[in-house]
Amino acid sequence: MHKLRQTLARVYAGAFIFYMLLPLVIMAAAAFNDNKTPSIVPWKGFTWRWFEALWADARMWHAFQNTIFVAIAVSVLAVIVGTAAAILINSVSGNLRAALYGTMISTILIPGAVIGISTMIMWTKMGNGLGTDFILFKPGLHLSVLGQVSYIAAIVMLLVLARLQSFDQGLEEAALDLGATHAQVMRRILLPHLYPAIGAGAAVAFFQSIENFNVTQFTRGGADTLTVYVFSKVRSGITPTINALALLLIGVTLALAVVYELKRRRNASLEAARDAEARRAAALEEAVI
């Protein structure tokens with residue numbers, strides 16, 4: 001019975017992976033098909049023409065630059081807001097904690113279109129009320145950043161808040177008793193403990209921003225991002241250049257994932273080696289005594 005469950009689990013895992021990867025494989029293959037439609041049927045021969053067309057697409061590269069700019073700005077602001085919110089929520093209790101937590105989480109539950117429309121209306125109406133033409137109060141990529149941060153910061157907050165559950169408050173109290181200031185405790189004790197969660201939050205915020213469409217569509221003004229660019233291509237007639245773009249993005253993502261995993265394993269090996277060296281030193285000291 002145990003072997004049957006293991007076999008069924010392997011079959012299910014294999015089927016799930018196949019189901020997830022098959023569309024990506026088909027999409028990638030279509031980028032090399034010499035056919036004007038993004039499909040592998042009928043196969044008209046191998047070609048690099050869609051990558052060449054993508055390379056020559058100035059609008060796409062401009063949209064790519066805008067996307068990276070927005071994603072970096074969203075990552076920085078979301079990490080600052082999310083980390084601060086997590087520390088604040090973790091330091092209070094009772095109804096205040098529930099109210100702050102609920103306020104932050106509520107943004108995740110709001111549809112992206114509603115966030116985009118609300119962000120655009122709020123800032124433009126504020127500008128009209130103040131009677132100013134300042135760029136902050138006009139649609140543009142800056143409003144896309146602010147709109148995305150309003151809900152992506154909550155995701156970062158959840159990651160940091162989960163990490164805070166493993167933080168030993170005794171370390172903070174001991175540092176304060178020994179004369180450290182609150183700023184020193186934050187910089188030298190709390191933040192180093194939160195760095196893994198902050199890094200993960202920054203990565204999540206970056207990729208969440210890259211794939212965002214609803215908020216960006218309503219706040220971008222006349223600027224393009226990759227998602228808006230792809231949407232415009234779908235409306236005007238999609239070509240396999242979109243497949244080539246998707247394949248490049250997948251390749252970059254996989255490369256970053258491999259680099260991260262190799263670095264993580266290297267750090268784990270170094271930490272294990274240091275622990276082993278410390279145990280050997282302790283054992284040698286005990287033997288001498």
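Modeller: One term to start with. A polar contact is a pair of N or O atoms within 3.5 Å; within protein, one must be able to donate a hydrogen and the other to accept it. Keep in mind that this is a predicted model.

Colleague: Okay. Which side chain does the side chain of S144 make a polar contact with?
Modeller: With the side chain of T219, at 2.9 Å.

Colleague: Where is S144 found?
Modeller: In helix α6.

Colleague: Is S144 buried or exposed?
Modeller: Buried means under 20% relative accessible area. S144 has 0% relative accessibility, so S144 counts as buried.

Colleague: What else is S144 in contact with?
Modeller: Leave aside the neighbours within four places in sequence. Then S144 touches V215, T216 and R220, as well as T219.

Colleague: Let's stay with α6. How do the axes of α3 and α6 cross?
Modeller: Helix α3 covers residues 58-91 and helix α6 covers residues 141-164. Their axes come within 6 Å and cross at roughly 45°. The two helices are therefore oblique to each other.

Colleague: Left-handed or right-handed?
Modeller: The crossing of α3 and α6 is right-handed. The residues of this contact divide into 22 nonpolar, 5 polar and no charged.

Colleague: Why quote both an angle and a distance?
Modeller: Because two packed helices are described by the angle between their axes and the distance between the axes.

Colleague: Fine. New pair: how do α7 and α8 cross?
Modeller: Helix α7 is residues 169-177, and helix α8 is residues 182-211. Their axes come within 10 Å, with a crossing of roughly 135°. So α7 and α8 are oblique to each other. The crossing is right-handed.

Colleague: Which residues meet there?
Modeller: From α7, L171, E172, A175 and L176. They meet H182, V185 and I189 of α8. By class, that contact has 5 nonpolar, 1 polar and 1 charged residues.

Colleague: Last one, L226. Where is L226 found?
Modeller: In helix α10, residues 226-236.

Colleague: Buried or exposed?
Modeller: L226 has 6% relative accessibility, so L226 counts as buried.

Colleague: What is L226 in contact with?
Modeller: Again, skip the neighbours within four places in sequence. That leaves M60, A63, F64, T67, L245 and L249.

Colleague: And how far apart are L226 and N212?
Modeller: They are 14 residues apart in sequence. In space, the gap is 9.2 Å, C-alpha to C-alpha.

Methods
Residues numbered from 1 in each chain as written. Predicted model: local features only at pLDDT ≥ 70, side-chain atom pairs only at ≥ 80, totals over all residues. Heavy atoms only, no water. Axes fitted to C-alpha atoms, helices over the stretch in contact; angles between N-to-C directions. Helix = DSSP H or I, 4+ residues; strand = E, 2+ residues; numbered from the N terminus. Parallel < 35°, antiparallel > 145°, perpendicular 65-115°, else oblique. Left-handed = near helix turned anticlockwise from the far one by under 90°. Nonpolar A, V, L, I, M, F, W, Y, C, P; charged D, E, K, R; others polar. Contact = heavy atoms within 4.5 Å. Buried < 20%, exposed > 50% of the residue type's maximum accessible area, 1.4 Å probe, protein only.
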